[in-house]
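User: Please take a close look at one part of this model, the contact between two of its chains, and describe it in a connected way.

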Amino acid sequence: MLHNSPALVPLLLLSTAISIPVLAIKKAKVAYPLAMAASLLSVVISCYNVFRVWGNGPLTYHFGGWFPPIGIEYVLDPLSSFIAVVVNVVAFFVLWHSSGIQGREIPGKSVPYYALTLLFLCGANGIIVTGDLFNLYVFLEIFSLSMYGLIGIGEKQAPVAAFRYLIMGTIGASFYLLGLGFLYIVTGSLNMADVRNILPLVYGNPAVAAALSFMVIGMGIKMAIFPLHGWLPDAYTYAPSTSSALIAPIGTKVAAYVIIRVLFFVFGVKFVSQSLPITDLIAWLAAIGILYGSVLAMAQKELKRMLAYSSIAQIGYIGLGIGLANPLGYIGAVLHILNHAFMKGTLFLVAANLRKRFGHSDISRFDASYRKKLPWSMAAFTLAALSMIGLPPTAGFFSKWYLALGAIDKGNWVFLAVILISSLLNAVYFFRILEKVYLAPPPAPAAGENLSPDGEKRKGSLIGEEEYSLMMPVVILSFSLLLIGLWNANIVKEVIQRIIPLGM
Amino acid sequence: MTSPEIYSSTIPLYAVLVSLIAAPLIMLSSRHAILREFWTLAASIIKFSLVFMLLPGALAGRIAAFTFWEISPGISLALKADQFGVFFALIASGLWILTSIYSIGYVRGLKERKQTRYFASFAVCLSATIGVAFAANLLTFVFFYEILTIATYPLVIHKETKIAISAGRKYLVYTLTAGALLIAATAWTYRIAGTLDFRAGGLFGDASFSPAAITALFLLFIGGVGVKAAVMPLHSWLPAAMVAPTPVSALLHAVAVVKSGVFGVVRVVGFVFGPALMHQFGLNIFLATVAGVTIILASLLAFQQDNLKQRLAYSTVGHLSYIVLGAALLSPASLTGGLLHIANHATMKITLFFCAGAIYVRHHKEKISELDGIGRVMPWTMGAFTVGAVGLAGIPPISGFVSKWQLGLGSLQAGEALPLAILVLSGLLNAGYFAPIIYRAFLKTPPVPYEHGEASYAMVIPLLITALLSLLLGLNPDLFFHFYRLAAAVSGSILGGIVP
Amino acid sequence: MTDFIFGHYVYWSIIALLIIGLYGMIFKNNLAKKLIGMTIFQVSIIMFYVASAVKWSATVPVLDPVTGVVDAAKYISPLQHCLMLTAIVVGVATSGVAFSLAIVIYRHYKTLDESVLMERMKSS
């Protein structure tokens, strides 16, 4: 039982995902508790794994008893176990939140929604734990296909957004596969550790450079790094809010993880930063993406679309951290995977709450009554926004802090300036909303106008918001931003610094 | 001098936390005005007592320190109540008590809305200010500095009018930009020095720099702390922020926020760069020039303001630069004088703001041109105003004279005559822009008789206390709080053995 | 030079397929044609893997009593083919999802033409 714990989470999620449609054939209601149970269990197991990795060092599991490089190997090292916890925890909160929201957003589709969500998480967990490059591709496709589904079940425009993403995503995945083909031809192995050992012998071979470029471009599309981000805004905007809350924190982060894994743990830091300066390219593109995303976010009128553009900018932070290719940048990137997952999770969930309560998330219509009706959600939004701006003691400050240190270490003042300017731009577009939500006087209610169908006569409960399952996940997620911020040094020292890639 | 003994203590922690704990209590008691005010007062008194407990230790060279935990590998969130910190914390927390009493009178007198948010933000601001005062290293400083920025924002926009909101925007643009610069400067310092712990005389040790790098770093720092210190050309948020309720202007824009800025300037000059580096690269000359220009320009601009609070705001801008000038001159007397001016300007300016608020609450007058003969119906208030104004002009026996004397002495010690000339000129200008107000208030006859007299006791008593304090501190600067001894000790520790 | 060109003719044709597929995915206006492009694109990658496994004078990787196990070079590497079986399955699944999305789009907007679709999306 214990020795196969690396494989446990993906398999658990996969089997639940398959059994949900079967078990829920008669009673659609079972889908939610089943999904919650699986998600909770995966949170527990992945937390347990972190502590085991912490105590005993990396865990491996060999499928079918075949040892690598022949068999498929699952590896839990500090990095993968950490990212797995991030993904599973955020997913758990989104799933919890979904119980109150899916009835409105995707009526009658709860069974496919939960099945797809678990499949999506299975893919994410698989990508994270696998130590085999082709296995990664398979999980990537499981992950992507379920993501297309999750986007496609949204409003009328959603299938179009999903279709576009499918085209782009398939190009990305196929590029990865193509790159892997080159890599396999020169090394004859698919196991990450094995490839890493063989690669130094063949660094000179142009096929290695081709493999690297294809893999990075492919995953860059999935990660939506500028200028490969075209699919993202529509997909996030038109997807049901509960799906965007799942995809935004997890989808692109997993791709970022793959890039970190492939660049630093397969190809090696020296090769990607010196022989073939691909990290420099990533860093510059990311820096442009940060500014581009922030500026466009300022121009958006719709909350979810604004958050989508802001995601492009935030992904830029991760890209920048990767591109710096020094320990501090790496710390910043990995920490920002955690921070951004929590921040964007919170923000998208609040957007979902707004849509549920008011039927829209159009920024120009926000006013102070929104805060009165959703006091906790808006408080959570404020906290997450402050974290996005990067004010201490929230988590967002510290990712910026490490990235700034990394940029200084690298001696690149442009990157430092970009990091700081973008936090000001973030302030502009978040305070625009906060100003409205806290200060704009509500319009005088016109006769017969009632935005939410069952609106005004609800019983105000003690906590101010009536739906517990809509409020609690948001509050907990945003509050944990403070905790992450205050105790980030523990995360950095105990988890991230334990696996600084060799050669940094 | 002997190196100070550092001992671990939780008092600095509690001093920071008291008002932070009070904030949620205030929010929870949003329906009960009395309870809310009780929390505020209780927190302010406890806070002041805690800080006061640290005073004897600081005077004896025993420094209380508290370290939370690491917030970034190698850098801890740490508090250290050194002499300078205690000095600033005493001023801020002591005046908070008076401001709290005054605020209660003010918001009741005007029947302000959203009093809960007002008192809660105020409490958080004070926590952040004490945090800034006790910060043991730059990162902790940045930490509390940014919290202060955000916690002040709700107070600036308190009135929720269009002007208030746009003032709030301006405030945020300035201070957040400053915060970003400060973060950059901190990160850079860490990469160069490998430490962020404040050390009297400079933390860089033997690190070597190119002149360009150190100038750039210094500019980043001054950009970071200079905004809150309202050094020109970074000052324009301060007059705009005067739309805030008067107690906010009084405490935050004369004591806590802006003084955090000048406190930061002194920290940067004395505890990050240190006199040796400042002299070596001519940074002190740059800083002194900026401060000198600010003093003169701000005094001139103050003449043009008809709005009483605006005039006080420009006066504040000028007086803050006295302190910056004192720090830039880096001579024993100038540093002592500059530091003393933190305390003296605080008591005097808060008196003036209190008076402006009292007039506004009772008579709804904001403009100087409308104040003809108001001294006749508000003799106590305008008497206190006169004390403050005379003190700011640097006329004995009010405390402003003491600090200005020390500053003048310091500029001679530094071998510079120009700063002395600036101080004298600025004193004249100060007298010039305050005299008309006093003249109008006492000697002119009101066009229409005033309907009301003095404001409520809750407002008049605090302003009389601060006026009295200004007078007493002028007679004996070492009274009660030993401000003089503390200031002299800080300047001694900064200058150490280095004779400029 | 000619050797380089003709010797790698398999790869040239694969590259040609790849480009045709990519062109179809990106520049074709009709969603169905995009999907055709996608299939071509995926097939070209499958061909690439299979071509990389080609080995003259070797046999299928089934244990042959004549050849024995001693000379492994006499067998074609089975791995690429296995990988591509998986990739084909993945490709089929992707096409399935894509076509169902296309059907949904057609139901909503009564068109598969992207430019018309854009207009109808805006007007709705």
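Analyst: Chain B and chain C share no contact (heavy atoms within 4.5 Å), and their closest C-alpha atoms lie 35 Å apart. Two pairs of chains do touch, and of these chains A and C have the most contacts, with 37 residues taking part from chain C and 29 residues from chain A. The model is a predicted one, in which local features need pLDDT of at least 70 and side-chain atom pairs count only at pLDDT 80 or more, whereas totals for chains, interfaces and linings use all residues. Residues are numbered from 1 along each chain as its sequence is written, chains are lettered from A and ligands numbered from 1 in the order in which they are written, and side-chain values use heavy atoms, with hydrogens and water left out.

The size of an interface is often given as the accessible area lost when the parts come together. For chain C and chain A this buried area (the accessible area, with a 1.4 Å probe, that two parts lose on being put together, summed over both) is about 2,900 Å², and carbon and sulfur atoms give 82% of it. On the side of chain C, the residues C:F48, C:Y49 and C:L101 supply 18% of the area that this chain buries against chain A, more than any other three residues.

The elements of chain C that give two or more residues to the side touching chain A are α2 (9-27), α3 (31-52), α4 (79-109) and α5 (114-123), where helices are DSSP runs of H or I with at least four residues, numbered from the N terminus. Of these, α4(C) gives the most, with 17 residues. By class, this side of chain C has 27 nonpolar, eight polar and two charged residues, with Ala, Val, Leu, Ile, Met, Phe, Trp, Tyr, Cys and Pro counted as nonpolar, Asp, Glu, Lys and Arg as charged, and the others, Gly among them, as polar.
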